[in-house]
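Visitor: I am new to this structure. Please show me how to read a few of its features.

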Amino acid sequence: MKNSSSSSSHRTRDIDYRAGYLRPEHCAPPPPRAGSGGMWFIRDGCGITCGVITWMLVLYAQFVVAFVMLLPARNLLYSLVNGALFNSLAVLALASHARAMCTDPGAVPKGNATKEFIESLQLKPGQVVYKCPKCCSIKPDRAHHCSVCKRCIKKMDHHCPWVNNCVGENNQKYFVLFTMYIALISLHSLLLVAFHFLLCYESDWTKCSNFSPPATVIFLILLSFEGLLFLLFTSVMFGTQVHSICSDETGIEQLKKEERRWAKRSRWMSLKVVFGHPFSISWLSPFATPDHGKADVYQYIV
C-alpha cells in the first residue's frame, strides 16, 4: 500500500497499512544516541530468568564435573586434561552468552522517520521506503520489528529468551558460538558421566567420589538429563543457524516466505559477513568483534 505525504512527493509504505502513521511530521526527532560505551540490555522478566537459568545450569555442570567426577584425582593426567578442556569450553560458552545478550543486535534508530531524515535519503520519484508504525522508524531492507525489544532489528533472525535478546546482524556470531560451545560441553559431560559410571561400577562407589553413593548417583543422573537435553536442543539450533547463514536467509524470512529483494551471497561470503573478514581463529572467539568489511550493506530504499 502506497500513500503520498502532503509534505513530500516521495512515498512511504507502512508495514501495518495504517495511514495515520505515514506522516513524517507525526514522528518526534530521535533521542540522542548513547555513547559507544553504553551496554545493550533488554529488561524482560522472562528473558532475564532464562539467562540466569542458563548460567546456573552451566555452573552446576562445572561443579559436578570438577568435584564429583574429577576430584579426588584417580589419574592426575586424566583429571587435568578433562578439567582444563571442560572449563575452557564452559568459559567460552558463558562469554558467548554474555556477548549475545549484551550486544546491540542491529537496532534501527528509534523515531528516525522524520521529514529531515526522509529528505536526506534523496529519494528519486517512484522509490519507496518502509516505515514501522510501532517505533516510528524508517526500516532498512531485511529489518523486522521485535515486540519484546520494541525496536526494529536489522537482519533479525528471531528473538531468543535464552539470551534475552534478538539474534540480528551484530550478534549472530555470538549466538552461533553459544549454541556450539553448549553442545560441546553437553557432549563432553555425557562422555565423562558414562566413563565415571563404568569406573564406579567396577570398583567401590565410596572411593570414586567425595560424596556418598546415593548423592553421586543423583548428581550424575541430573547432569546426564541436562547434558542430553541441551545437546539435542543446541545442536538443532546450531544447525539451523548455520543453514540460515549459508542460505543467506534469516529464520523470520524463511517463516514468512518473504520475496528475496537482495542479491544472494555465496555461502563462504555469508559466513564471512557473520564471523568477520578474513577467515581466522577469531571466528571461534566470543571476545573478538567481527569485522563485516564492505559486504554487509542494507538499503533503506527499494
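Guide: Start with exposure. Buried means under 20% relative accessible area, exposed over 50%, and partly exposed in between (1.4 Å probe, protein chains only). This is a predicted model, where local features need pLDDT of at least 70, side-chain atom pairs count only at pLDDT 80 or more, and totals for chains, interfaces and linings use all residues. Residues are numbered from 1 along each chain as its sequence is written, and side-chain values use heavy atoms, without hydrogens and water.

Visitor: Is K257 buried or exposed?

Guide: K257 has a relative accessible area of 74%, so it is exposed. Its phi is positive, about 50°, although K257 is not a glycine.

Visitor: Where is K257?

Guide: Helices (H or I, at least four residues) and strands (E, at least two) are DSSP runs, numbered from the N terminus. K257 sits in the loop between helix 6 (251–256) and helix 7.

Visitor: And K155: buried or exposed?

Guide: K155 is buried, because its relative accessibility is 9%. K155 also has a positive phi of about 50° without being a glycine. Its loop runs between strand 6 (151–154) and strand 7 (158–160).

Visitor: Which peptide bond joins H277 and P278?

Guide: A cis one, with omega about -15°. P278 is in the segment after helix 7 (267–275). The bond from L71 to P72 is cis too, with omega near 0°. P72 lies in the loop between helix 1 and helix 2 (76–102).
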